[in-house]
Amino acid sequence: MLPDALTFTAPAPLVDIGANLTHESFAADLDAVLERARSANVTTLILTGTERAAIESALELCERDSPVALHTTAGLHPHHASEWTPAFADWMASAAQHQRVKAIGECGLDYNRDFSSRIDQKRAFEAQLELAARTQKPLFLHERDAGVDMLDMIKQWRDDLGDAVIHCFTGEKETLYGYLDLDLHIGLTGWLCDERRGHHLRSLVRDIPANRLMVETDCPYLLPRNLPAKLKGRRHEPALLPWIVREIAHYRGESEHELSVSSTETARRFFNLPLTEDA
Ligand SMILES: [Zn+2]
């Protein structure tokens, strides 16, 4: 249950491009979570596939009856990069062909945590760049404190790749401009609702063209700090996406309706979503 004060319906259908719904925190009440997303007008979710077990459960989830449309990405997160093996590469190549898999990723580089060595991270990332180029699926990219290497590696592959999104962008102006120059898309989360660390993003979000901006919760992580009521357990969920849209729209100087419509249109095109979905 969400407190009444947190119930907020988007003025137009939204696509949450980053939902980690296979996270254990959703196991007990997933149906309710999906219902609440629907009530909030978040009508399509792109689940985030970060490693084999998560991708397999995401694909199962996509097959169930759901009040919102479900799709997934499939990739190996940089935290898991040391698990990249020839066997995994084969499995990924076949998973990438699944019709519910709308993007390769999340993949990329994370020098903030360094859970896998940087050598392993680059190796796994390079292999996934190659897979995206080969399959011509879009890329769902993760980058923390690794903008320079990220730009470098993407540059080398750019001509062979289709669309790519830097999800949960948290970097500085120079990095953002580097990504935009490479014709990348940008995914924004509730990070900029965080007055302690998201401040710099507030002046930057205006510089992202509407046709390259998408929105996401990255739930259960990154509960926005601008919510008007406390949430027990502090678990983030797709139904809260309209609060993030509201904040981004405010700093872009546009209406929530405009941003809802443009981000959904961008997501539809980016992930090649079926036209029959009402998002
Ligand atoms: Zn990420």
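Trainee: Before we start, what should I know about the model?

Mentor: It is predicted, so local features need pLDDT of at least 70 and side-chain atom pairs count only at pLDDT 80 or more, while totals for chains, interfaces and linings use all residues. Residues are numbered from 1 along each chain as its sequence is written, and side-chain values use heavy atoms, with hydrogens and water left out.

Trainee: Happy with that. Which residues coordinate the zinc ion?

Mentor: Donors are N, O and S atoms within 2.8 Å of the metal (3.2 Å for Na, K and Ca); water is not among the atoms, so sites may look incomplete. Here Glu 106 (OE), His 142 (ND1) and His 167 (NE2) coordinate the zinc ion at 2.1 to 2.2 Å. Their spacing in sequence reads E-x35-H-x24-H. Glu 106 lies in strand β4 (residues 101–110) and His 167 in strand β6 (residues 164–167), so this pair, 61 residues apart, links distant parts of the chain. Strands (E, at least two residues) and helices (H or I, at least four) are DSSP runs, numbered from the N terminus.

Trainee: Are Glu 106 and His 167 buried or exposed?

Mentor: Both are buried, meaning under 20% relative accessible area, with exposed over 50% and partly exposed in between (1.4 Å probe, protein chains only). Gln 121, in helix α4 (residues 118–135), is buried too, at 1% relative accessibility. Beyond its neighbours within four places in sequence, Gln 121 has contacts including Pro 78, Gly 108 and Tyr 111, where contact means heavy atoms within 4.5 Å.

Trainee: How do helices α5 and α6 cross?

Mentor: Axes are lines fitted to C-alpha atoms, for helices over the stretch in contact, and angles run from 0 to 180 degrees between N-to-C directions. The axes of α5 (residues 147–157) and α6 (residues 173–181) come within 10 Å and cross at roughly 10 degrees. The two helices are therefore roughly parallel (under 35 degrees; over 145 is roughly antiparallel, 65 to 115 roughly perpendicular and the rest oblique). In α5, Gly 147, Met 150 and Leu 151 meet Thr 175, Gly 178 and Tyr 179 of α6.

Trainee: How many disulfides are there?

Mentor: A disulfide is a covalent bond between the sulfur atoms of two cysteines. The rule asks for a pair of cysteine sulfur atoms within 2.5 Å, and the count is zero. The sulfur of Cys 62 is too far for a bond, because its closest cysteine sulfur, in Cys 219, is 14 Å away. For Cys 219, the nearest cysteine sulfur is that of Cys 168, 12 Å away.
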